[in-house]
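Subject: Model for your files

Hello,

Here is the structure you were to receive. My notes on it follow below the entry.

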Amino acid sequence: MNQHPHGWGRPRDDVYGAYDSSYLNSTQPVTHTQRPIVTGTSVLGVKFQDGVIIAADNIASYGSLARYDNVERLLQVGTHTVVGAGGDMSDMQYLHLLLDNLLIKEQYPADDHHLHAPQVHSYISRVLYQRRNKFDPLWNSILTAGADPNTSEPFLSYVDLRGTTFSAPALATGFGAHLAVPILRRHVPDEAAVKDLTREDAEKLVDECMKVLWYRDARSGVTYSWSVITKEGVETGSKKIENQSWKFAEMIKGYGAQNI
Amino acid sequence: MTSIGTGYDLSNSVFSPDGRNFQVEYAQKAVENGATTIGLRCKDGVILACEKLITSKLLVPGSNKRISTIDRHLGIATSGLIPDGKHFINRARDESISWRRNFKESIPVASLADRMGSYAQAYTLYSSVRPFGVTAIIAGADDDGPGLYMIEPSGLYWGYFGAATGKGRQAAKSEIEKLNLSELSLLQAVKEAARIIYVAHDDNKDKEFEIEMTWVTRDSGKATAAVTGSRGMIWNGWVHEDVPRELVEEAAREAKKAIEEDDDEEEGQKAEKMDEDL
């Protein structure tokens, strides 16, 4: 122990060497908020003739470890909107808090006006864009799905951690953007096709895409939550992927112990 | 008003020699002239009702609300100085939001009453501020069921089965005392509340008024959907909302009728007596 009054409690330099204080004056900015830790994978959304369907599985991964298998990634916001989030789960939970507070503040005027999907989407996209400008983004990609309570006009929009937004009749985040969107687009290539897609077909389509993702996305899960939003409101539920066939796995080459 | 001229009423935070804080008492006086406001705690919820005198024919009916939503499960009615009430409401909303941020749960009614009581009391301590010219009735519900609290300008607050403040409080209180509040259902309480407001209004009969009424309930189909998103939201299942217009109007009609019948009876008795005298 260093007994000099200026060095009380510190290890002696002549015994332990000088204290390495280089880490104290780092010139680098803080980066620990700038990567996702516990993550959720894809969210799917498809418009159909009188509403929208949105689905996301219940896995939250820690790297490649399927750390949690009971995470709800779909959040109902008000009467006719559901927000689904992929990416960092703690950022998603923070966003849920923001949306919850937004809804409560929206009630203060008691004027019978309510937030619907376009407003919720707009709010989320502003929050995300503001955070990317602070170089401290909320690490999510988000789908906002809803239906107009009067006209039943479906709404579906995407926003990501940079605040980029776009809309399409069928959308997916994460791995789903690569694996599910091509399948979805075969059925709803444009807004006109939405008018011909029934709810049953839309549900089947989403089930099919969730199955493909379960087969090919190593961060996906076997159970998933779904919501259907029509002008009547939101219906929600949970599903497990049925009728699995892993036959195709035999064809996959290039991994593991193979003699060919 | 023996205090006037003694100088002890000029500043907050100064006691008079007999131990009174006159500024607080003056604030209570301000409330005594406020709108009659009542709260009823029933077995399945809480009712807030207030008599809103129509100060101008140019006002849109139903505008200038006196009962405010604080959180999904909480409402506050204030009586007294309206702007003081607004500030009080804003503070209550901030407290509620901060509780959600800290604890990820809805603020219990007792906790909000405690925090708002402390807030009001702090305004009796310093010479730079004056006490709130409002009495606030807090209605809400939590895991312990429905709760009703009333905060006075001094910061004093109690939990109540039934509370009344404002101009018609004496009449209202004596009517509330006749009710069996631990057995009363919310729907019955709507009628009682309307009747009490009408009875308490009796003193200034010539003025037009509206009834503003809200409740805290767990089973109102309409509102439950409109107010919340169920999945993942911080919410204890109770809703503070306007009592449906039809219900209030019906209750008001019945109240008016009951009071007119009472009056007729009285007049009838008077007339009979006069007949006898003749």
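A salt bridge is counted here when a side-chain nitrogen of Lys or Arg lies within 4 Å of a carboxyl oxygen of Asp or Glu. By that rule, two salt bridges cross the interface of chain A and chain B. Please keep in mind that this is a predicted model.

Interface

One salt bridge joins the side chains of B:Arg72 and A:Asp100, with 2.7 Å from N to O. Three residue pairs, both members at pLDDT 80 or more, are in polar contact across the interface of chain A and chain B. On the side of chain A that touches chain B, the elements giving two or more residues are β6 (74-76), α2 (89-107), β12 (223-230) and β13 (233-240) of chain A. The largest share of that side, nine residues, belongs to α2(A). By residue class, the side of chain A that touches chain B has 11 nonpolar, 10 polar and three charged residues.

In total, 24 residues of chain A and 20 residues of chain B take part in the contact. The size of an interface is often given as the accessible area lost when the parts come together. Between chain A and chain B, the buried area is about 1900 Å², and carbon and sulfur atoms give 54% of it.

Sheet in chain A

Chain A has an open sheet of five strands in the order β11-β2-β3-β12-β13, with antiparallel pairing. At its edges are β11 (170-172) and β13 of chain A, each of which pairs on one side only. From one strand to the next, the twist averages 15°. The antiparallel pairing of β2 (residues 43-48) of chain A with β11(A) runs over three bridges. A:Gly45 has A:Leu171 in β11(A) as its bridge partner. Packed on this sheet is helix α7 (residues 199-216) of chain A, which touches β2, β3 (51-57), β12 and β13 of chain A. The direction of α7 makes about 160° with that of β2(A).

Sheet in chain B

Chain B also has an open sheet of five strands, in the order β8-β1-β2-β9-β10, and its pairing is antiparallel. Because β8 (162-165) and β10 (239-242) of chain B stand at the edges with a single partner strand each, one side of each is left without a neighbour in the sheet. Neighbouring strands of this sheet are turned against each other by 15° on average, direction ignored. Strand β2 (residues 45-53) of chain B pairs with β9 (residues 209-217) of chain B over eight bridges, in the antiparallel sense. Along this pairing, B:Glu51 stands opposite B:Ile211 in β9(B). Helix α5 (residues 186-201) of chain B packs on the sheet and touches β1 (37-42), β2 and β9 of chain B. Its direction makes about 150° with that of β9(B).

Salt bridges overall

Over all chains, the structure holds 25 salt bridges. One of them links B:Lys29 with B:Glu32, whose closest N and O atoms are 3.7 Å apart. Both residues, B:Lys29 and B:Glu32, lie in helix α1 (residues 22-32) of chain B, three residues apart, or about one turn of the helix.

Regards

Conventions: Residues are numbered from 1 along each chain as its sequence is written. Chains are lettered from A and ligands numbered from 1 in the order in which they are written. This is a predicted model: local features need pLDDT of at least 70, side-chain atom pairs count only at pLDDT 80 or more; totals for chains, interfaces and linings use all residues. Side-chain values use heavy atoms; hydrogens and water are left out. Two strands pair if DSSP finds at least two bridges between them. Helices (H or I, at least four residues) and strands (E, at least two) are DSSP runs, numbered from the N terminus. Axes are lines fitted to C-alpha atoms, for helices over the stretch in contact, and angles run from 0 to 180 degrees between N-to-C directions. Contact means heavy atoms within 4.5 Å. Buried area is the accessible area (1.4 Å probe) that two parts lose on being put together, summed over both. A polar contact is a pair of N or O atoms within 3.5 Å; within protein, one must be able to donate a hydrogen and the other to accept it, and residues adjacent in sequence count only if both atoms are side-chain atoms. Ala, Val, Leu, Ile, Met, Phe, Trp, Tyr, Cys and Pro count as nonpolar, Asp, Glu, Lys and Arg as charged, and the others, Gly among them, as polar.
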